[in-house]
Amino acid sequence: MKPHGPPLYRRHAFLKRNPSLSRAEFSSHYEGYHGPLAASLLGFRKYVSRYVQNHVEELPGEVEPPFDGITMTTQVPREDYSRGFSSEPDCREVLRPDEFYLFDLANTIAVLGREEIAVRGDQSPYKAIILGSATTIEKLNLMTLPKRILNHLDRSTADHLGRGSGEFRYDLLAEVWFETRAARDEAVGTNARVSPDLIVLPVRELLIFGPEKPWHIVAGRSQ
């Protein structure tokens, strides 16, 4: 499919929770406090036009997932994507203390990616995220799904939330939606693995703000 308009870039932050928090505590704080806090900051919205959280759900066999959440922020078009929210004062002064509370920063990493909508279908609540390469993801045979988005990741941009460069081995992130939970559970159960070559994760997607859900300012307060 030919792209519509200029390419869209998203920053993908692969989040590992602070080991002092349970997965339930992490998810609750990530959704109820951290997301709204980031969205309320003018410095954040200066660079971000859409903010989505992906909460990683239980894996078969109670396997510990490599990430507990994946943030996806659509970047405002600009010439230099190396400069972003991490350079803003409100990142350092307001959001960073909460990052220390919420994340295992040594194992949390962010990567810039170019979005490609492979199939423009209907979006359902039953989503999975797959990390790998084009070759490994093609082998999963998910080409009949109603909606798919491919994100081509630039591994050279990997960093620890603006705190220094990092390493990331995957160059493709696929977002796939299933028509039913049972269909997703079956696909994840068949393909579920956490390996050097492929990661398959069931997720719950939450839109914090975007063109279809603006972030409003009410009486000097963001919401």
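**Salt bridges and nonpolar cores**

E58 and R23 form a salt bridge through their side chains, at 3.1 Å from N to O. This bridge joins distant parts of the chain, with E58 in the loop between β2 and β3 and R23 in helix α1, 35 residues apart. The model is a predicted one.

- E58 counts as exposed because its relative accessibility is 55%, over the 50% cut-off.
- R23, at 17% relative accessibility, counts as buried.
- A network of salt bridges links K16, R17, R23, E58, E64 and D68.

**Other salt bridges**
- The count of salt bridges comes to 17.
- E64 and K16 meet through their side chains at 2.9 Å, N to O. E64 lies in the loop between β2 and β3, and K16 in the loop between β1 and α1, 48 residues apart.
- E64 is partly exposed at 42% relative accessibility, whereas K16 is buried at 14%.
- R11 and D159 also form a salt bridge, at 3.2 Å from N to O. R11 sits in strand β1 and D159 in strand β6 (residues 147-159), 148 residues apart.
- R11 is partly exposed at 27% relative accessibility, while D159 is buried at 15%.

**Nonpolar cores**
- The largest nonpolar core has 25 residues, and F44, Y51, F85, F103, I208 and F209 have the most contacts inside it.
- Elements giving two or more residues to this core include β1 (8-15), α2 (42-47) and β8 (199-209); the largest share, five residues, comes from α1.
- Apart from this core lies another, of 20 residues, among them V56, F67, Y170 and L207.
- Leaving out residues up to four places away in sequence, I208 touches G35, A39, Y51, Q53, K213 and W215.

Note on methods
Residues numbered from 1 in each chain as written. Predicted model: local features only at pLDDT ≥ 70, side-chain atom pairs only at ≥ 80, totals over all residues. Heavy atoms only, no water. Core = buried A, V, L, I, M, F, W, Y, C linked by side-chain atoms within 4.5 Å. Buried < 20%, exposed > 50% of the residue type's maximum accessible area, 1.4 Å probe, protein only. Helix = DSSP H or I, 4+ residues; strand = E, 2+ residues; numbered from the N terminus. Contact = heavy atoms within 4.5 Å. Salt bridge = Lys/Arg side-chain N within 4 Å of Asp/Glu carboxyl O.
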